[in-house]
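Hello,

Here is the structure for you to look through. My notes follow below it.

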Amino acid sequence: MPTYDTIGQSYSQVRRPDSRIVSALLDLLQLEPGSRIADIGAGTGNYSEALGNCGFCVFAVEPSPVMRLQATKHPNVQWLDGYAEKIPLPTSSVDAAIAILATHHFSNLEKAISEMNRITNNGTVLFLTFDPRQAEKLWIADYFPAQWEEAQSIFPPLCDVMALIQKNSQRIVKSYPFLLPHDLKDLFFAAGWRRPEIYLNPDVRAGISALALADPKIVQKGIDQLQQDLENGVWDAKYGEIRQREKLDAGYRFLCASSTVFQRIT
């Protein structure tokens, strides 16, 4: 059973597309409107729809019916029931393939990369992923240490992933840091780095697989401590200076595999 059949009931409420991520996708893909894009592990289609709004023809590939049923119908988005390891699209049928914060749910990353390469002609294969080893020291690790540590086993080192992509795509692979804005709409694990209060919301936690799939008792212990520290001022005393920052490097990276490397993302 796909993971999000279990935890994805309210996913679309808290995992909304962020315009900064969409802009980065457009900048790196360098495609003309009307181009065909496969969104692998599309979830509820938040970024599929955003790309459809930009005039692209999007194939949203997602195995979870719970996630697909939350999608908004869009004339430029065609939904496909399928896994990254066996994408239901013909060879060289799209101009680019993307996977946005989805690789940790792939059962076989190497096979998924090969499949994304297979369906893409000479265009770009693009990933947004996460490597906690690349992150600045973040207070989230103090309240959810088990989940932060587990992320290091779930997400391989960035250099290993880049090598795997290059091996299975025969393309140039470039890493681009994505510094998290303080007001992200897409509430993934580190999105609340300047807004600790959002983690007290159970709907937000339900959209973060690292928390939703963890031992509820362990997560609740961290939540209780966070709530207490926010109420008594301990959190602000220890970490409050972070509220003055506009962006933070939490270890999120775009990995762009293409025949040409662009240097335009900011």
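How many aromatic pairs does the count come to? The model is a predicted one, in which local features need pLDDT of at least 70 and side-chain atom pairs count only at pLDDT 80 or more, while totals for chains, interfaces and linings use all residues. Residues are numbered from 1 along each chain as its sequence is written, and side-chain values use heavy atoms, with hydrogens and water left out.

Aromatic pairs

The count is 12 aromatic pairs. Rings of Phe, Tyr and Trp (its six-membered ring) pair if their centres lie within 6.5 Å; planes under 30 degrees apart are stacked, over 60 edge-to-face, and the rest tilted. One of the pairs is Trp139 with Trp235, edge-to-face at 5.5 Å centre to centre and 90° between the planes. Trp139 sits in the loop between strand E5 (120–130) and helix H7 (140–143), and Trp235 in helix H13 (residues 234–239), so that distant parts of the chain, 96 residues apart, are linked. Helices (H or I, at least four residues) and strands (E, at least two) are DSSP runs, numbered from the N terminus. Both Trp139 and Trp235 are buried, meaning under 20% relative accessible area with a 1.4 Å probe and protein chains only.

Phe144 and Tyr199 have ring centres 6.3 Å apart and planes at 50°, so this pair is tilted. Phe144 is in the loop between H7 and helix H8 (145–154) and Tyr199 in the loop between strand E7 (180–181) and helix H10 (202–206), so the pair ties together parts 55 residues apart in sequence. Phe144 and Tyr199 are buried too. Elsewhere, ring pairs join Phe130, Trp148, Phe155, Phe188, Phe189 and Tyr252 into a cluster.

Sheet

Seven strands form an open sheet with mixed pairing, in the order E3-E2-E1-E4-E5-E9-E6. Two strands pair if DSSP finds at least two bridges between them. Strand E3 (77–80) and strand E6 (172–177) are the edge strands, each pairing on one side only. Strand E4 (residues 94–100) and E5 run parallel and are joined by six bridges. Ala96 stands opposite Thr124 in E5.

Regards

Methods
Buried means under 20% relative accessible area, exposed over 50%, partly exposed in between (1.4 Å probe, protein chains only).
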